[in-house]
Amino acid sequence: MTDLLANTRSTAFMAASFFLNEAELEHNRIYPNYKTQTIKITANFDINIYSVYAEIKLTESNAVLAVEENTVTEDLTTIREEFVAATFELLQLEYDIDGDLIPAEVEGSVTYTFQYPDLTLTGTPSDAGTFTANPKNIDYEVDYERMKLLVFATIPFKSPTITNSGAISISPIDYA
Amino acid sequence: MSAYTNTGSDLDSTTIASAFVEAVRRLNEAEITRNAANPSVTPKNNVTMSAAFDGKAYSIAASLPYVPTLNTSGQYIADVTDYLGSTYSTFTPGTGTAKSTDLCSLVLEVAQLLSAKEKTVAEADRPNNIQISLDDEAGVATITANIPFTAAIGSAGEVTLTALDYV
């Protein structure tokens with residue numbers, strides 16, 4: 001189980017994104033003939049925004065879509081599931097703020113659930129001072145042609161601080 | 001190891017690659033501060049900076065206005081214009097490696113240090129992560145760079161990027 005090291009859902013989402021990115025890079029180092037990349041993260045310092053784009057392969061079984069088992073390492077599958085879980089935790093928060101609910105159905109009659117076992121998100125969102133009405137910073141689509149979950153997110157971060165060794169430290173804003 | 005001396009200066013880095021990224025970040029931040037404080041005037045966005053985590057590299061681009069001159073020995077001097085003004089761009093050099101007194105000049109100075117350091121590497125192994133070109137006709141120095149970094153996730157979910165000392 002991965003400790004997401006986060007106490008807000010936006011931070012948890014970014015931590016899950018980084019863990020997935022790191023896991024895939026490590027996977028590609030270990031298995032250079034079986035490279036995989038499902039997530040791309042960019043930090044834009046001009047506008048202090050993380051851009052995250054992910055394509056997570058899905059499988060369909062008994063009308064339930066689940067994150068596809070990875071044939072090379074189970075760990076990577078677990079981390080992808082955690083990323084999906086963090087995605088929907090943050091989506092749920094945005095929908096809750098909107099007063100809406102995450103739709104139970106999309107594009108037709110396929111009812112889906114996302115399975116993400118073995119996940120712990122620590123803490124609860126802290127809204128003090130940074131509450132944003134009607135945030136729309138994360139969205140998703142299910143690509144049925146390619147059986148993929150597509151995740152799009154733009155997560156604001158605080159003005160990066162420079163550490164006393166000259167490194168740059170970035171913290172996501174608890175925007176929702 | 002490309003040591004950078006930061007004694008008494010506003011920079012905290014101890015390698016040239018890190019000093020370059022830090023200088024760019026400080027100028028980037030100074031531009032943002034200046035633009036926010038002066039919404040009625042044309043914004044200054046002469047430097048852009050992003051970090052890609054799949055390739056683990058900073059992508060940096062800067063266009064710095066400068067005035068070409070000759071010194072008393074006839075040597076070429078490119079004097080970067082402080083286009084932000086001292087309110088936003090003042091840099092304290094201390095007794096560190098860089099001698100500039102404003103962030104605009106500092107970026108070109110440290111870029112030149114890094115570029116020169118790359119050229120000390122044997123040609124077969126030489127990296128080319130930074131490129132500098134001077135256009136005297138336009139009076140603009142252009143810097144493009146892709147600087148590798150390592151990323152570490154901290155206890156509060158923050159991510160700390162450390163420029164690699166690649167030369």
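Which residue is the bridge partner of B:Ala51 in β2(B)? This is taken up in Exercise 1, after a few words on the model.

The model is predicted, with local features requiring pLDDT of at least 70 and side-chain atom pairs counting only at pLDDT 80 or more, while totals for chains, interfaces and linings use all residues. Residues are numbered from 1 along each chain as its sequence is written, chains are lettered from A and ligands numbered from 1 in the order in which they are written, and side-chain values use heavy atoms, with hydrogens and water left out.

**Exercise 1. Find the strands of chain B that pair with β2(B), and name bridge partners in them.**

Step 1. Helices (H or I, at least four residues) and strands (E, at least two) are DSSP runs, numbered from the N terminus, and two strands pair if DSSP finds at least two bridges between them.

Step 2. Strand β1 (residues 47-52) of chain B pairs with strand β2 (residues 57-70) of chain B in the antiparallel sense over 6 bridges. In this pairing the partner of B:Ala51 is B:Tyr58, and B:Met49 stands opposite B:Ile60. The hairpin of β1(B) and β2(B) has 4 residues between the strands, and in it B:Lys56 takes a positive phi near 50°.

Step 3. Strand β3 (residues 76-80) of chain B runs antiparallel to β2(B), joined by 5 bridges, and B:Tyr66 stands opposite B:Val80 in β3(B). These two strands also form a hairpin, with 5 residues between them and a positive phi of about 80° at B:Gly74 in the turn.

Step 4. Strand β5 (residues 140-153) of chain B is joined to β2(B) by 9 bridges and runs antiparallel to it; here B:Thr142 is the bridge partner of B:Ser63.

**Exercise 2. Describe how strands pair between chain A and chain B, and compare this with a pairing inside chain A.**

Step 1. Strand β1 (residues 39-44) of chain A is joined to β1(B) by 3 bridges, and the two strands run antiparallel. In β1(B), B:Ser50 is the bridge partner of A:Asn44.

Step 2. β7(A) pairs with strand β6 (residues 159-163) of chain B in the antiparallel sense, again over 3 bridges, and A:Ile170 stands opposite B:Val159.

**Exercise 3. Characterise the interface of chain A and chain B by its area, its residues and its polar pairs.**

Step 1. The size of an interface is often given as the accessible area lost when the parts come together. Chain A and chain B bury about 2500 Å² between them (accessible area, 1.4 Å probe, lost on being put together and summed over both), and 55% of this is on carbon and sulfur atoms.

Step 2. The contact (heavy atoms within 4.5 Å) takes 30 residues from chain A and 31 residues from chain B.

Step 3. Between the chains, 14 residue pairs, both at pLDDT 80 or more, are in polar contact, that is, a pair of N or O atoms within 3.5 Å; within protein, one must be able to donate a hydrogen and the other to accept it, and residues adjacent in sequence count only if both atoms are side-chain atoms. On the side of chain A that touches chain B, α1 (9-30), β1 and β7 (168-170) each supply at least two residues, and the largest share, 7 residues, comes from α1(A).

Step 4. Salt bridges (a side-chain nitrogen of Lys or Arg within 4 Å of a carboxyl oxygen of Asp or Glu) number 2 across this interface. One joins B:Lys56 to A:Glu22 at 2.9 Å, N to O. B:Asp54 also forms a salt bridge with A:Lys40, the closest N and O atoms being 3.1 Å apart; this pair crosses from the loop between β1 and β2 of chain B to strand β1 of chain A.

**Exercise 4. Decide where chain A calls for caution.**

Step 1. The mean pLDDT (the predictor's confidence in each residue, from 0 to 100) of chain A is 70, and 62% of its residues reach 70 or more.

Step 2. pLDDT stays under 50 over residues 61-66 of chain A and over residues 99-133 of chain A. Where pLDDT is low, the predicted coordinates should not be read in detail.

How values were computed
Buried area is the accessible area (1.4 Å probe) that two parts lose on being put together, summed over both.
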